[in-house]
Each structure stands twice: as structure tokens, then as C-alpha cells.
Amino acid sequence: MKFGHSFKEALQGESYPQHWIDKAIPYGQLKKLLGKVREELTRNGYDPDTLHRLLADHNAEYRLRVENSHILRPKLVVRPLASTTCLRSDTVSKLLTGGEPAPVSELSTPASAPPNSSSVLLENPTSSPKTLAQAQDAGWVDIPLDSDAKFFNILQTDVVELDSLQTQERQSMNGGIQLLGDEISRLARPRKGVIQIAKSDLYRWREIFELYLAAQVFFSTAETATGPRDSEKARKQLVWFQDEVNKRQLLQKFKLKASAEAYTRFLELNATLLKNFKFQELNRTAVTKIIKKFDKQTSLGVKAEFPKAMSSAPFIAGSIAKDICSQMACEVLSRVPQIVDYTCTICYSICWLPVRLDCGHMFCIRCMIKMQTRDKELCPLCRAKTVLSATEAHIDWKLMSYMEKWFPKETKEKQRYNELERRRELLGEAYVDTNDGPCIVM
């Protein structure tokens with residue numbers, strides 16, 4: 001199936017809002033206009049083969065200039081005296097008698113460019129004197145074209161409208177993200193006391209966010225596939241996340257009704273982001289396809305330069321998924337601290353009590369005691385001689401209170417483990433009862 005048909009079907013089949021569809025890239029219209037561009041070039045004696053030879057010999061340039069009004073202006077210039085062997089006689093006569101010389105400030109020459117370099121240039125308002133002199137001697141003339149200006153005007157206008165739409169959607173999602181973050185912060189807030197702890201969904205939300213981070217829905221950190229995912233892979237990862245939440249029955253374990261509602265909003269937010277991401281991906285593909293077709297039918301070679309000319313457009317240069325995921329990490333995911341961020345890198349359990357060495361690295365107190373007992377002086381991470389100098393003053397009491405508040409189960413378990421380790425050191429393995437049962441004598 002041709003891309004034009006699949007593009008139209010994708011827009012209609014994904015339940016996009018009508019105002020989104022109205023601002024999508026008009027691929028069909030651009031394709032028809034592209035035919036007029038080729039006809040106009042051929043009518044002036046510049047068929048694709050001729051243009052290919054002129055550009056390859058650096059006797060022609062196709063320039064994309066962004067004016068002060070931010071309007072993209074294309075321009076074809078040639079050296080008629082140097083390229084008469086490639087053109088028809090009537091075209092040469094037209095150039096020599098009626099051609100309009102290009103302004104000196106806009107002229108450039110690719111004489112020093114490598115043979116395989118592109119002949120499509122972004123206009124530069126300043127040029128070196130040597131370049132200007134060469135260009136003036138070369139005798140460049142403008143080839144007046146109308147269809148290509150209409151083509152790029154329509155394409156640029158639609159990209160700008162897509163930018164505006166994306167900005168509106170981003171602002172809407174940012175507002176929802178902030179409200180959701182505040183709600184989850186309230187629902188997962190740690191509470192002290194046996195009675196109060198039952199009114200918090202801290203551990204359910206922690207497990208949900210742990211699964212979400214493991215899913216890496218929109219971005220991957222794996223060595224084999226680092227970077228942003230495509231929309232289809234992102235959809236599969238989001239489905240995997242929902243399946244894992246359902247398998248663990250985390251929704252049924254919620255103690256607060258509002259938590260289930262907040263989880264639904266969290267999923268809806270991800271679904272909205274996925275829809276925006278897919279719409280952006282689809283339109284980017286349409287831009288890439290029509291520019292590729294432009295090059296194929298005209299040989300003008302704008303594939304590399306058009307993205308540079310439109311680099312200020314977030315729709316071309318940026319990703320809505322990247323921006324929103326960053327906002328979500330700051331406003332939502334960070335509201336529930338993860339144990340992995342407070343783990344001792346020696347024993348891989350919670351860093352309790354946290355000892356911050358002079359080099360800045362932090363380890364649990366039991367690991368530090370063991371290292372000092374064995375006269376290990378080097379920091380395991382940076383190899384600085386800071387272990388033996390650590391004392392009680394190096395304990396981070398503020399961080400200890402934070403861990404005790406947000407990780408009550410983990411800190412109590414680590415305290416019991418530390419006590420067991422201490423008893424082993426003092427009494428030996430035979431005098432340690434790991435079951436902590438009642439006294440058998442009594």
C-alpha cells in the first residue's frame with residue numbers, strides 16, 4: 001500500500017480528535033504540488049538528469065533561506081556559462097539574456113567542497129571575501145520558480161501549526177501531571193503508628209512505580225537498544241506494565257479508594273501521551289517521505305538541509321514524549337522514593353545506618369565496620385583512602401531519619417539483620433538463634 005493511503009487510514013483509524021486531523025501534514029496536496037514543481041523545472045530545461053549533472057559538477061545550487069520573518073525561501077541558482085553543455089540552446093539563451101544575477105551578499109561557491117558533498121545550501125548572510133569574489137566571477141543567476149515556493153510554504157505552515165498543537169497538548173498534560181503528583185503524594189504519604197500505617201498506600205504505589213520504571217515505556221536504557229522507543233514498542237511496554245500490575249493484584253491491595261482512581265488517571269495520562277507521540281511520529285514520517293519524494297523527482301537534494309532549516313521547530317527537532325516523561329519523573333514518580341536509590345553498593349540492601357565518607361560516597365554502617373576490621377582503607381567506588389578515618393561523626397543522621405520515614409519495613413529488617421550480625425561476632429554462630437523464638441529454658 002502506498003504511503004499516502006496508509007497515512008490517511010492511520011489518521012482516521014486511531015481515534016484522533018478532528019482538530020488534530022485538520023492540522024496533519026497535507027501529504028496528498030504536497031504530492032500533487034510536487035508534480036507541478038517537476039513540470040516547471042522541466043519546462044525551464046532542468047529535468048532531473050540535467051539538474052543531477054549540474055549539482056554534481058557544482059554548476060548549480062539549491063538554497064533554502066530562512067528570512068527574518070522566519071519564512072523559508074527556496075532558490076535555484078546556476079552558472080550558465082559553465083553549464084551550457086548540459087542545457088538546451090533555448091534555455092542557455094534565456095539565462096544569458098533574461099536571467100537575474102543573484103545579489104553578491106547571497107552568493108557562494110562550492111568549489112572547495114568535496115565531490116560527494118550536498119549542493120543544497122542554507123543561506124548565510126555573511127561570507128568571506130574570497131568566497132564572494134569567486135561567486136561574483138562565477139556569474140550565478142537566479143532561476144525563477146513558483147511551485148517550489150508554494151510547496152515549502154505549505155509544508156512550513158503545517159509544521160508550525162503542528163508545533164502550536166503540540167505546545168497546547170503539552171501544557172494540558174503538564175497541568176494534569178502536577179495535579180496527579182499532588183494526589184499521589186497525599187495517598188502515599190508515610191504515616192507513623194500501627195493504626196496510621198494502615199491508611200497509607202505507600203508500598204502499593206512504590207511497587208507500581210517500580211514496575212513502570214522497569215517497563216521503560218518510552219525510553220530504553222538497555223545497551224542493545226538505548227534511546228527513545230517507537231510508538232509501537234512503547235504501546236507494547238505500556239501493555240506489559242498494566243499486565244504486571246494486574247498479575248500482582250496491586251489494585252485489589254489498595255487500602256484507599258482514591259488510589260484506584262489515581263491509578264486510572266495515571267494510565268489515562270500515559271495513553272494520552274502515547275497518542276500524542278504516535279501522531280507526532282506519523283506526521284514526521286509524512287514529512288520525511290514527501291521530502292524524499294521531492295529529491296527523487298527533482299534531484300535538488302534537500303533531504304539533509306530541510307531539517308536544519310526547520311531546526312527551531314520543536315515538532316521537527318524535539319520529542320513530546322521526552323518532555324512529558326521528564327515532567328512525569330519530576331512531578332509524579334519522584335513523590336515515592338525507590339529503595340534502589342538508597343541501597344548500599346556493597347551488600348545491596350538499604351543503606352542503614354548511612355555512613356558518608358570524606359570522598360562523598362555512602363555505605364551502610366555494618367559494611368564500614370567490616371572493612372575497618374579488615375584494615376581496608378580504600379573506598380570501594382573511587383579508591384580514595386577514606387574508610388579507616390570514618391567515625392560516628394560521618395553518620396548522616398538526617399538521611400537516616402528520611403529512610404526511617406519512607407522505608408519503615410526495610411529499615412526494621414536491616415536493624416534486625418545488623419543485630420544478628422553483631423551477636424555472631426560476639427558470641428559465635430552456635431549462640432545465635434535466627435528464629436528469635438521464646439526461651440526454651442523458661
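User: In this predicted model, which residues of H17 are buried?

Analyst: Helix H17 runs over residues 408–427, and a residue counts as buried when its relative accessible area is under 20%. By that cut-off, the buried residues of H17 are Pro408, Thr411, Lys414, Asn418, Leu420 and Glu421.

User: What covers the buried residues of H17?

Analyst: Contact here means heavy atoms within 4.5 Å, and the buried set to be covered includes Pro408 and Leu420. The cover of these buried residues includes H9, strand S9 (362–364), helix H15 (365–373) and helix H16 (397–406).

User: How many Å does H17 reach from its first C-alpha to its last?

Analyst: Helix H17 has 20 residues, and the span expected at 1.5 Å a residue is 28 Å. After the helix comes Gly428, whose phi is positive, near 95°. The reach of H17 from first C-alpha to last is close to the expected value, at 28 Å.

User: Which residues of H14 are buried, and why are they on the same side of the helix?

Analyst: Helix H14 spans residues 320–331 and, with 12 residues, reaches 16 Å, close to the 16 Å expected. Its buried residues are Ile320, Ala321, Ile324, Cys325 and Met328. They are on the same side of H14 because the arc they cover around the axis is only 115°.

User: Which residues are exposed on the other side of H14, and against what do its buried residues pack?

Analyst: On the other side of H14, the exposed residues are Lys322 and Cys330. The buried residues of H14, for their part, pack against H7, helix H9 (202–215), strand S6 (219–220) and H11.

User: What is the volume of the largest cavity?

Analyst: A search of the whole structure, with a threshold of 30 Å³ or more, finds 1 cavity. Its volume is about 90 Å³.

User: Which element gives the largest share of the lining of the largest cavity?

Analyst: The lining consists of 10 residues, with Leu162, Leu165, Gln166, Asn276 and Phe279 nearest the centre of the cavity. By class the lining has 6 nonpolar, 3 polar and 1 charged residues. The largest share, 4 residues, comes from H7.

User: What percentage of the contacts in the protein chain with a separation of 6 or more is between residues 24 or more positions apart?

Analyst: The protein chain has 17 helices and 9 strands, and 42% of its 442 residues count as buried. Among contacts with a separation of 6 or more, the share from residues 24 or more positions apart is 71%.

Conventions. Residues are numbered from 1 along each chain as its sequence is written. This is a predicted model: local features need pLDDT of at least 70, side-chain atom pairs count only at pLDDT 80 or more; totals for chains, interfaces and linings use all residues. Side-chain values use heavy atoms; hydrogens and water are left out. On a 1 Å grid over the protein atoms alone, a cavity is a set of points where a 1.4 Å probe fits but cannot get out, and a pocket is an open set with protein on both sides within 12 Å along at least five of seven lines; lining residues have an atom within 4 Å of a point. Grid points are joined across faces, edges and corners, and a volume is the space filled by probe spheres set on the points. Helices (H or I, at least four residues) and strands (E, at least two) are DSSP runs, numbered from the N terminus. Ala, Val, Leu, Ile, Met, Phe, Trp, Tyr, Cys and Pro count as nonpolar, Asp, Glu, Lys and Arg as charged, and the others, Gly among them, as polar. The expected span of a helix is 1.5 Å times one less than its number of residues. Buried means under 20% relative accessible area, exposed over 50%, partly exposed in between (1.4 Å probe, protein chains only). The arc is that of the directions from the helix axis to the C-beta atoms.
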